[in-house]
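I opened this notebook to keep track of what I looked up in one structure. The entries follow the order in which I checked things.

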Amino acid sequence: MWWFFRIISSFVFLLTVILSIPISFDVGGRDSGLAYSLSLFCFYFLYSAAKLATPENSRIRWTLTKLLQSFQWVLIPGLLIWSLHNFAVDANSTDWVSRTIGGLGSHKHTTWSDWFFGNGGLVESVTLGGWDKTLRYSSPVFQLAEGFCTLLVIQAAGQISRWLVNRGRSDTWVLILLILSASIIASAVYFLWRVALFPSINNVDATLIGVTVTSAVFLCAIGIGSGRGNPVESSLLFAYVVLCVYQIFTDYVQSPEAQAAAAEQAASQPEFPPLPPIIMASYSTFLHLFSLLPSAVYSSLSFLYAAFQTIAPSVMISLVYRLIVFYCATRIIPAIRESGARALMQEPSLDDSDEANRLLGFLSWFSPSILIAVYTSLLLQHFSTSNNEEGWTLRHGDAGGNVWRWINVAATMSLYAIELYLGNDDTDGGLVTHWKTD
């Protein structure tokens, strides 16, 4: 029963982090968001370090972890209020530009203590500036780590598919896996066709896309033909390459030209209901019931909707994808390699004999801090200032990093090519040696 409460607690923590960090950026500005994310990062880093430093079955560890777990629900809103109170900037004032560019020279301090510890002082500028630079320089690391974890997931999926085929009823599993692989490839080809229609692609981009897709198809064919890969691995690798290409050339939002064309097409169509009448009637009934909810519930749902509206779609998609591959790399893959699905509910251990599992276990201990750093880095890529009434926004701005995205694609395919070259044709080895396939 405790596992259910752990899942609920993890979900609430994830939702709190996803909503509170962009709110601090959107309401208070860049310094407020950086201060809030840094304080959260430090708290969960110390929390993970305290758990790691104390013995597993000691009373000190149990008391400390339960105390900090209970205290975090008060600390998170408290840190948000603190950052908005001390670091927020009025969006309608011109002080935002001077605060961002002027640094220490934009503040007049009367004492050395105020100059060192005060608002806009040396400690604040160095701390927030260092955190900002760390996140910006860490973006390529997060991008390359995403590709590496994706490759681990692809290899694990390939080994699991081999085990399913070899354990019996092979014809049924072969058909199911072939249909699944074909569906993945068809979906990837559709999005690749969407990329080809983007108006922003020039000759250099088209050449890079052609070389990348051709290399991916070549690798997939070699893997299947040599027997060192399989259709599941090949389809997932091809889909990831297309995903990276799609993220390079789009922000998951319509261009102004596409929005104007969609509005013109909608205006020229007759007024017909978009769905059958029975569905529209149910939808109207649902809206009526929704309007009868208490005002507190309605306000809470409106707040959640407004909070999610501050986040760019590409940030949410990238975050969700990185969370999935990171979780698979740190929990699912070691569980498969060691003791099967029973290890999923166990905490990662640093006493593992496998160096790779030990590294993944170490990273999983500090996963809350890594989540905060990755999420803040994604948000900073879309943070932009303007001279209008908003002052700044999290839904625009140049995400940048396209060079590192191309490097990530090349590195992922290179690692997969090395795995194919160094691999063997033994379909019973690898990640699933503990499963019997008699």
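**Entry 1: a pair of residues**

I began with R162, which is buried at a relative accessible area of 10%; buried means under 20%, exposed over 50% and partly exposed in between, with a 1.4 Å probe and protein chains only. E233 is buried as well, its relative accessible area being 4%. I then found that the side chains of R162 and E233 form a salt bridge, with 3.7 Å from N to O. The term stands for a side-chain nitrogen of Lys or Arg within 4 Å of a carboxyl oxygen of Asp or Glu. R162 belongs to helix α6 and E233 to helix α9 (residues 231-249), so this pair ties together parts 71 residues apart in sequence.

**Entry 2: basis of the values**

I noted that this is a predicted model, in which local features need pLDDT of at least 70 and side-chain atom pairs count only at pLDDT 80 or more, while totals for chains, interfaces and linings use all residues. Residues are numbered from 1 along each chain as its sequence is written, and side-chain values use heavy atoms, with hydrogens and water left out.

**Entry 3: the chain as a whole**

I looked up the secondary structure and found 16 helices and two strands. Both are DSSP runs numbered from the N terminus: helices are H or I with at least four residues, strands E with at least two. Of the 438 residues in the chain, 37% are buried. The accessible surface of the chain is about 25400 Å², and carbon and sulfur atoms hold 66% of it; the areas come from the Shrake-Rupley method with a 1.4 Å probe, and for residues only the protein chains shown count as cover. Among contacts (heavy atoms within 4.5 Å) with a separation of 6 or more, 74% join residues 24 or more positions apart.

**Entry 4: other salt bridges**

How many salt bridges are there by this rule? I read a count of four. One of them joins the side chains of R30 and D132 at 3.3 Å, N to O. R30 lies in helix α2 (residues 30-53) and D132 in helix α6 (residues 122-166), so parts 102 residues apart in sequence are tied together. Both R30 and D132 are buried. I also saw that R30, D132 and R136 are linked in a salt-bridge network.

R322 pairs with E146 in a salt bridge whose closest N and O atoms are 2.7 Å apart. R322 sits in helix α13 (residues 313-338) and E146 in helix α6, so the pair ties together parts 176 residues apart in sequence. R322 and E146 are both buried.

**Entry 5: nonpolar cores**

A nonpolar core is a set of buried Ala, Val, Leu, Ile, Met, Phe, Trp, Tyr and Cys residues joined through side-chain atoms within 4.5 Å. The largest has 36 residues, and I21, L40, Y44 and Y375 have the most contacts inside it. Helices α1 (2-28), α2, α3 (59-87), α6, α13 and α15 (367-381) each give at least two residues to this core. I followed Y375 and, leaving aside neighbours within four places in sequence, found contacts that include V17, I18, I21 and P22. A second, separate core has 26 residues, among them A188, I248, W406 and L420.

**Entry 6: F45**

F45 touches F366 and S369, not counting residues up to four places away in sequence.
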